[in-house]
Amino acid sequence: MIRRLLSRPVTWIAVAVLGLGAAGGLYWFQPWRLFTVTVVTDTLSTVPQPSGSPAASVAAPVVIAEGDFITHEHDTSGTARMVRNPDGSHQLEIAGLDTSDGPDLRVWLSDQQVRTGLAGWRVFDDGEYAELGRLKGNHGDQVYRLADGIDPAAFRSVTIWCKRFSVSFGAAELAAV
């Protein structure tokens, strides 16, 4: 019976279609990424504490906004802070990030408010956003420089955005300091 089934062309077509479907599903969802960890150790800015000493008046990086990540699609924690450098440029720093790995993860600044729960998963592409680049890793400290044309005051949040599935893994409200 098996020999007769394997000799039919329709059987081989079904096997090929199932094989291609499985390969496509593995490529699209990349389930192994649930078990991968990439640790990044970028050097974060050393921001001096305010004081009356003359050393405090030396040009130094300044934190202009910050916030803690909340969980959306995947457990996410860490702190995001917007830093103005002495030369006037800006960078987003993510400290102590802990999230899942996933396909096509990006770091986005957004004009959208951070919402908790399911209501907050998909809002970040509704308004204005600026992509700062691919997420370097799902654990550790990371620095993303803002391009000259990006005004940090135009954005109120940062999200770890899965571009493939249009969903936020986690987000932080950037509150002025």
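Reader: Among contacts in the chain between residues at least 6 apart in sequence, what percentage joins residues at least 24 apart?

Author: Happy to start there, with a predicted model in which local features need pLDDT of at least 70, side-chain atom pairs count only at pLDDT 80 or more, and totals for chains, interfaces and linings use all residues. Residues are numbered from 1 along each chain as its sequence is written, and side-chain values use heavy atoms, leaving out hydrogens and water. A contact means heavy atoms within 4.5 Å. Among contacts between residues at least 6 apart in sequence, the share joining residues at least 24 apart is 65%.

Reader: How many helices and strands are there in the chain?

Author: Both are DSSP runs numbered from the N terminus: helices are H or I with at least four residues, strands are E with at least two. From the N terminus on, the order is α-α-β-β-β-β-β-β-β-β-β-β. That gives 2 helices and 10 strands.

Reader: How many residues of strand 5 are buried?

Author: Buried means under 20% relative accessible area (exposed is over 50%, partly exposed in between; 1.4 Å probe, protein chains only). Strand 5 has Leu105, Val107 and Leu109 buried on one side, and Arg106, Trp108 and Ser110 buried on the other. For residues 105–110, the count is 6 of 6.

Reader: Which residue in strand 6 is the bridge partner of tryptophan 108?

Author: Two strands pair if DSSP finds at least two bridges between them. Strand 5 runs antiparallel to strand 8 (residues 157–162), with 6 bridges, and there valine 107 stands opposite isoleucine 160. Strand 5 also pairs with strand 6 (residues 129–134) in the antiparallel sense, over 5 bridges. In strand 6, the partner of tryptophan 108 is glutamate 131.
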